[in-house]
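Trainee: I have a new structure open and would like to walk through it with you. Could you take my questions one at a time?

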Amino acid sequence: MTKFVLCHHAERADRSAGKESERYPGITIKGEEQAREKTKMLAKMICGLPGGSVIVLGGCSKAIRTKSTLMVFTDELRRTLGSEKDIIFSKPFDSSLNTLKEISMRIGYIGNGEARAIIDFPLPMEQFISLRGQKESAVARRMVDGLNGQVGFFRRFFPRSPMVLVNNVHAPETDALISFLQKRNNDTLANIVNFM
């Protein structure tokens with residue numbers, strides 16, 4: 001089972017009167033607070049997942065604000081869930097294959113396979129930014145291709161684990177994807193959670 005969580009990036013600093021966050025470039029202080037609120041929903045969802053689940057915080061566009069929003073999520077999850085015995089974390093924002101291999105080995109040994117793993121793995125997805133002049137259906141197909149590629153990549157390391165892929169995307173692309181899937185009555189839509 002694979003679920004996708006789509007989150008919009010936090011309030012961007014370059015188009016807002018708000019002050020930019022000192023710790024998270026590209027987003028405002030208000031945006032940082034909004035991302036922390038979204039993290040509460042994410043933490044609740046994670047706590048409800050079965051043992052052996054893998055949560056990857058990673059899909060983002062090349063825009064720094066999407067990566068910074070993911071950084072807020074991971075920092076807040078470490079703060080709120082870090083003391084839980086059945087949750088293991090990867091090294092912070094280490095996008096090396098060794099990190100994935102290490103977590104895949106550890107997840108089966110901790111708590112008789114009841115541990116859940118949270119992995120910080122920033123993975124820039126070019127498919128998360130629409131190309132100039134693209135129609136909604138082309139934007140959506142491009143996102144679907146990106147999400148399928150993401151699943152294929154992480155499944156190499158976690159072939160049997162329930163997996164949740166948390167992606168930080170832009171609003172127009174998310175809207176195009178959801179509209180596209182709704183029009184086609186696609187069952188993939190049931191596996192998408194949209195934390196605006």
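Trainee: What share of the residues of the protein count as buried?
Mentor: Of its 196 residues, 49% count as buried, where buried means under 20% relative accessible area, exposed means over 50% and partly exposed lies in between, with a 1.4 Å probe and protein chains only. Please keep in mind that this is a predicted model, in which local features need pLDDT of at least 70 and side-chain atom pairs count only at pLDDT 80 or more, while totals for chains, interfaces and linings use all residues. Residues are numbered from 1 along each chain as its sequence is written, and side-chain values use heavy atoms, with hydrogens and water left out.

Trainee: How many helices and strands are there?
Mentor: The protein has five helices and six strands, and along the sequence they follow the pattern β-α-β-α-β-α-β-α-β-α-β. Helices (H or I, at least four residues) and strands (E, at least two) are DSSP runs, numbered from the N terminus.

Trainee: OK, strand S1 then, which strand does S1 pair with?
Mentor: S1 pairs with strand S5 (residues 163–169) in the parallel sense, over seven bridges, and two strands are said to pair if DSSP finds at least two bridges between them. Thr 2 stands opposite Met 163 in S5.

Trainee: And why is S1 described as largely enclosed by the rest of the structure?
Mentor: Because six of the seven residues of S1 (residues 2–8) are buried.

Trainee: Moving on, where does Val 56 lie, and what does Val 56 touch?
Mentor: Val 56 lies in strand S2 (residues 54–60) and counts as buried, at 1% relative accessibility. Not counting residues up to four places away in sequence, Val 56 touches Ile 119, Phe 121, Phe 154, Val 164, Leu 165 and Val 166, contact meaning heavy atoms within 4.5 Å. Val 56 and Ser 90 are 34 residues apart in sequence, and their C-alpha atoms are 9.7 Å apart in space.

Trainee: What about Asp 120, which side chain does it make a polar contact with?
Mentor: The side chain of Asp 120 makes a polar contact with the side chain of Arg 78 (2.9 Å). Asp 120 sits in strand S4 (residues 116–124) and is buried, with a relative accessible area of 1%.

Trainee: Last topic, how do helices H4 and H5 cross?
Mentor: The axes of H4 (residues 136–155) and H5 (residues 171–183) come within 8 Å and cross at roughly 95°. Axes are lines fitted to C-alpha atoms, for helices over the stretch in contact, and angles run from 0 to 180 degrees between N-to-C directions.

Trainee: Which H4 residue could I look at there?
Mentor: Ala 140 lies in helix H4 and is buried, with a relative accessible area of 0%. Leaving aside neighbours within four places in sequence, Ala 140 is in contact with Ala 176, Leu 177 and Phe 180.

Terms used. A polar contact is a pair of N or O atoms within 3.5 Å; within protein, one must be able to donate a hydrogen and the other to accept it, and residues adjacent in sequence count only if both atoms are side-chain atoms.
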